[in-house]
Amino acid sequence: MINLRYFWFGANVLIWTVLFASTGIIGSIFEWRGKFMAWIAKTWSKLLLYIGGIDYEVFGLDNLEPNRSYIFAANHESALDIPLVFAGLPYHIVSVAKIELRRIPIFGWSMMAGGHFFVDRKNRKRAMKSLENAKTSMLKNPRSIIIYPEGTRSNDGSIGPFKKGGLVLAIDMDLPVVQVALCGTRECMGDEKFTLNNNNTIEMRIGKPIETNALGYEDRNKFVENVRDEVVRLKSKWDYQPAVLN
């Protein structure tokens, strides 16, 4: 059933995205490392979750070191995954996104200003070149990266196969990979279109980092399998107490 809450939330997403993105684009002229845009993304995410009446919990932050850079590998259930990640992780985070997002006025421009990476999934050669550019950028300006290795949203909540690209990048850069399970975002959006439920608390469950400095390209298949298995485990069972409760 269509509910008015969904359209109220959608209107706010549009309005606040334009305002925050425009502010971030202007601010990034004076701050090239993207830290201001990272603050914009975090504030935007928290505001939208608040406006939507969406409660969220973050488990496992105590597994991480505050001053390290990570590649966070998460499952993908709904559009709410994005504000949940940026609101819940206290890091300077950029994403590896499909190139189509770069063409969206204001939103795409703000992602470019924030130093996010874009990959052409339809062209393997260009995709590999984009990952090489990401590696060079990370060496000049270290930060953390969020990837969704499934490559698309899950239609039924199950976790699909993981693609290798972003995780091979972690091996190339010797960056630790953190498995992240995003839970309840699909249920919050509802099974039907144009719905938004307010009786669900969404969760982000953070695993322990996997060091990659001892891994080589030949280890990629097993590594990707292990990362996916841990995300599945985190999503199905959680044994820790919450590190952050919002």
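A cavity here is found on a 1 Å grid over the protein atoms alone, as a set of points where a 1.4 Å probe fits but cannot get out; lining residues have an atom within 4 Å of a point. Grid points are joined across faces, edges and corners, and a volume is the space filled by probe spheres set on the points. This is a predicted model, in which local features need pLDDT of at least 70 and side-chain atom pairs count only at pLDDT 80 or more, while totals for chains, interfaces and linings use all residues. Residues are numbered from 1 along each chain as its sequence is written, and side-chain values use heavy atoms, with hydrogens and water left out.

So what does the probe find? The count comes to 1 cavity of 30 Å³ or more. The largest cavity has a volume of about 30 Å³. Its lining consists of Ala38, Lys42, Phe86, Leu89, Tyr91 and Ile93. For the classes, Ala, Val, Leu, Ile, Met, Phe, Trp, Tyr, Cys and Pro count as nonpolar, Asp, Glu, Lys and Arg as charged, and the others, Gly among them, as polar. On that scheme the lining of the largest cavity divides into 5 nonpolar residues, no polar and 1 charged.

Next, the strands. Helices (H or I, at least four residues) and strands (E, at least two) are DSSP runs, numbered from the N terminus. Two strands pair if DSSP finds at least two bridges between them. Buried means under 20% relative accessible area, exposed over 50%, and partly exposed in between, with a 1.4 Å probe and protein chains only.

Within strand 7, threonine 201 is the residue opposite aspartate 55.

Now strand 2, residues 71–74. Which way do its side chains point? Ile71 and Ala73 go one way, Phe72 and Ala74 go the other, and all are buried. In a regular strand the side chains alternate between the two faces of the sheet. Strand 2 runs parallel to strand 5 (residues 144–147), joined by 3 bridges, and parallel to strand 6 (residues 177–183), joined by 4 bridges. Alanine 73 takes part in both pairings: its bridge partner in strand 5 is isoleucine 147, and in strand 6 the partner is glutamine 179.

On to salt bridges. The criterion is a side-chain nitrogen of Lys or Arg within 4 Å of a carboxyl oxygen of Asp or Glu. That gives 5 salt bridges. One of them joins arginine 68 and glutamate 211, at 2.9 Å from N to O. Arginine 68 sits in the loop between strand 1 and strand 2, and glutamate 211 in the loop between strand 7 and helix 8 (220–236), so the pair ties together parts that are 143 residues apart in sequence. Arginine 68 is partly exposed at 27% relative accessibility, and glutamate 211 is partly exposed at 38%.

Another joins lysine 235 and glutamate 77, at 3.0 Å from N to O. Since lysine 235 lies in helix 8 and glutamate 77 in the loop between strand 2 and helix 3 (81–88), this pair ties together parts that are 158 residues apart in sequence. Lysine 235 counts as partly exposed at 25%, whereas glutamate 77 is buried at 4%.

A further salt bridge links glutamate 225 with lysine 222, the closest N and O atoms being 4.0 Å apart. Both residues lie in helix 8, 3 residues apart, about one turn of the helix. Glutamate 225 is partly exposed, at 42%.

Last, two single residues, with contact meaning heavy atoms within 4.5 Å. Isoleucine 106 is in the loop between strand 3 (93–98) and helix 4 (107–113), and is partly exposed at 23%. Leaving out residues up to four places away in sequence, isoleucine 106 touches Val18, Ala21, Ser22 and Ile25. From isoleucine 106 to glycine 24 the C-alpha distance is 9.9 Å, with the two 82 residues apart in sequence.

Notes. 1 Å grid on protein atoms, 1.4 Å probe; cavity = no way out; pocket = protein on both sides within 12 Å on 5 of 7 lines; lining within 4 Å.
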